[in-house]
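Have the structure open as you read.

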Amino acid sequence: MTADDSGAGPREADIAPRETGAARSEGDPARTDGGASADAAATRTGGRTAGAGAADGAVNGVARADGAGDAGDDDTIAIRLEQLILGAERRYTPFQAARSAGVSMELASRFWRAMGFADIGQVKALTEADVLALRRLAGLVEAGLLSEAMAVQVARSTGQTTARLADWQIDSFLEGLTEPADSGMTRTEITYPLVELLLPELEEFLVYVWRRQLAAATGRVVQAQDDAEMVDRRLAVGFADLVGFTRLTRRLEEEELGELVEAFETTAADLVAAHGGRLIKTLGDEVLFAADDAGTAAEIGLRLIETMANDETMPELRVGIAFGTVTTRMGDVFGTTVNLASRLTSIAPRDTVLVDEAFAEELGRTGEAPVSEADAKAAAEAAEGGAGPLPEYRFALRPMWQRPVRGLGVVEPWLLGRRT
């Protein structure tokens, strides 16, 4: 069970044993040494579970929250912020929360760990919202709408996504807005009223974006040809990788490196979205994207190369794209097609896009590119003879030397370009 319950508030691990801001004045009869060692804290809170090693911060937070040291004022503000964000005070231990929700402690622990929260023993740190969340997940299982394994996956995918969002908002967004500047107030003093103003707006915006994304994802699923395609689909998958990033990490200052990565990820995300693709994930110096058709993926790959080449602050880029069956799970993509796209990226020359044979064939099938110049010439002659319109190819393909690729055998990469 965890000390946290929403991913949006302060870490419970720092303040877990405090129930309300009044606990300081009431004192702690269980403490006699004024220092609150980790062992004493664990004993007072009912012991630690087997997985409580991850909650050492919570045990250390006991001393601070109970008034030891100079961090007392910060702890009081942290608890006030937690109550503001969660909208409720701490009332339950993990066992009490599970019992109130009508679920077993084992299942409750599985849900909480899946959401990314640490075990906290039996500290009174959970709220009515935690009980309601457990009850809702368990209710979906009881109603037969979700299997238990699927409910855990829902908890895990939601926890991972919102954890990253919350970290970004705190590290980048709130940090910039809470600069004391000339206000005469400390960052701690500014944070509470700022969160109070921003919280409802950010919450509504989050729900809006989630609904929009859910609608788009649902639309893609229902357009699948059959049930199998809902999970295993034919997609174009591409990687874009900054060249020489490892050398840059040794040459640039940390702040400069962070700004470069942020600029790269932002530019890539905007281009992928603008041209109809989906950004699967970012890996610092690399982004993974997918598209429903080869033409869309080709446009994205070339746009990425062209945009980065025109930015003097950016390193060179290389892109690899493959087309084929892809397994999708929890917003990620897996399979041989993904592995092939990654390998193509690693062997692509700088500022170029390499694609696999299946991708080249798909572009030819849809009329986006001639598979060879002979095909282009034949199509032009047929058009001149009145056999049909002149093809308007968008892309050009040039076969490269076949080569062995680790784990995938011999592949024939094609160099992708624009048709002039």
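At roughly what angle do the axes of helix α5 and helix α7 cross, and within what distance do they come? The axes of α5 (residues 94-101) and α7 (residues 128-142) cross at roughly 50° and come within 8 Å. That makes α5 oblique to α7.

A quick word on the source: this is a predicted model, where local features need pLDDT of at least 70, side-chain atom pairs count only at pLDDT 80 or more, and totals for chains, interfaces and linings use all residues. Residues are numbered from 1 along each chain as its sequence is written, and side-chain values use heavy atoms, with hydrogens and water left out.

Helix α6 (residues 105-114) also meets α7, with axes within 11 Å that cross at roughly 105°. That makes α6 roughly perpendicular to α7. Axes are lines fitted to C-alpha atoms, for helices over the stretch in contact, with angles from 0 to 180 degrees between N-to-C directions; 65 to 115 degrees counts as roughly perpendicular, under 35 as roughly parallel, over 145 as roughly antiparallel and the rest as oblique. Helices are DSSP runs (H or I, at least four residues), numbered from the N terminus.

On to the cores: sets of buried (under 20% relative accessible area, 1.4 Å probe, protein chains only) Ala, Val, Leu, Ile, Met, Phe, Trp, Tyr and Cys residues joined through side-chain atoms within 4.5 Å. The largest has 39 residues, and L317 and I321 are among those with the most contacts inside it. Helix α12 (residues 294-309) gives the most to this core, with eight residues. A second, separate core of 20 residues includes A108 and F117.

Note on methods. Buried means under 20% relative accessible area, exposed over 50%, partly exposed in between (1.4 Å probe, protein chains only). Helices (H or I, at least four residues) and strands (E, at least two) are DSSP runs, numbered from the N terminus.
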